[in-house]
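Subject: Structure for your files

Dear colleague,

Here is the structure I said I would pass on. My notes on it follow below.

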Amino acid sequence: MSGCACGFNSCLPSNLIKEGKMKHGLKIYMGYSYFDSPESGAAIIFAHTAKEAKQFSFALNQDWGDGEWTDSAVRLLSGCDHLYEQADQKMLADGIAHMVDHPVVCSVCELWGLPIDPKTRICVNCSEE
Ligand SMILES: [Zn+2]
């Protein structure tokens, strides 16, 4: 598998954190439940470690129903740097871990893994068709 862990091949790997451009050190995780497919209801979590991210995923699963710690999954999304735009910019700048449980999604495919045009609300994949 190449490219981004979110499954969208057009998310190219980049090295913003490695290069030290991301001073806050927050990585991007996708939080979801093992019982649901990631596409059906996933949140974006900005956290320093997977362990930290999982606490948000767990809280989310409890919100959605009878989520258990063991059902709460996170997946590191490396190379999806455009998702930093969806973060709370102040918390991002301060390096505070947080979750975006209603990410902006494409109005066509309803996914958030790809860069979305803020005006049309259509992702790069759908706008090319
Ligand atoms: Zn789309």
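A word on terms before the notes: two strands are taken to pair if DSSP finds at least two bridges between them. Helices (H or I, at least four residues) and strands (E, at least two) are DSSP runs, numbered from the N terminus. The model is predicted: local features need pLDDT of at least 70 and side-chain atom pairs count only at pLDDT 80 or more, while totals for chains, interfaces and linings use all residues. Residue numbers start from 1 along each chain, following the sequence as written.

Overall layout

The protein has three helices and four strands. Read from the N terminus, the order of elements is β-β-α-β-α-β-α. Of the 129 residues, 30% are buried. Here a residue is buried if 20 or more other C-beta atoms lie within 10 Å of its own, exposed if 12 or fewer, and partly exposed in between, with C-beta atoms placed from the backbone. Among contacts with a separation of 6 or more, 51% are between residues 24 or more positions apart; two residues are in contact if their C-beta atoms, placed from the backbone, lie within 7 Å.

The sheet

The four strands make an open sheet in the order E3-E1-E2-E4, with antiparallel pairing. E3 and E4 (98–100) are the edge strands, each with a single partner, so one side of each has no neighbour in the sheet. Direction ignored, neighbouring strands are turned by 30° against each other on average (axes are lines fitted to C-alpha atoms, for helices over the stretch in contact, and angles run from 0 to 180 degrees between N-to-C directions).

Strand E1 covers residues 27–33, and six of its seven residues are buried, so the strand is largely enclosed by the rest of the structure. On one side, E1 pairs with E3 (residues 72–76) in the antiparallel sense over five bridges. Within that pairing, methionine 30 has arginine 75 of E3 as its bridge partner. E1 is also joined to E2 (residues 43–47), again antiparallel, by five bridges. Across to E2, tyrosine 29 has isoleucine 45 as its bridge partner, methionine 30 stands opposite isoleucine 44, and isoleucine 28 stands opposite phenylalanine 46.

In E2, five of the five residues are buried, so this strand too is largely enclosed by the rest of the structure. Ala43, Ile45 and Ala47 point one way from E2, and Ile44 and Phe46 point the other way. E2 and E4 run antiparallel and are joined by three bridges, with methionine 99 of E4 as the bridge partner of isoleucine 45.

The core

A nonpolar core is a set of buried Ala, Val, Leu, Ile, Met, Phe, Trp, Tyr and Cys residues joined through C-beta atoms within 7 Å. The largest one has 21 residues, of which Ile28, Tyr29, Met30, Ile45 and Ala47 touch the most other members. E1, E2, helix H1 (50–64) and E3 are the elements that give this core two or more residues. Its largest share, five residues, comes from E2.

Isoleucine 45 is worth a look on screen. Setting aside residues up to four places away in sequence, isoleucine 45 touches Tyr29, Gly31, Ala53, Phe56, Ser57, Val74 and Met99.

Loops

Leucine 83 is in the loop between E3 and helix H2 (89–94). Leucine 83 counts as buried because 25 C-beta neighbours lie inside 10 Å. Beyond its neighbours within four places in sequence, leucine 83 is in contact with Ile28, Ile44 and Leu77. From leucine 83 to valine 104, the C-alpha to C-alpha distance is 9.7 Å, across 21 residues in sequence.

Most residues other than glycine have a negative phi. For glutamate 110, phi is near 60°, a positive value, and for arginine 121 phi is likewise near 60° and positive. Glutamate 110 is exposed, since 10 other C-beta atoms lie within 10 Å. Arginine 121 is partly exposed, with 13 other C-beta atoms within 10 Å.

Regards
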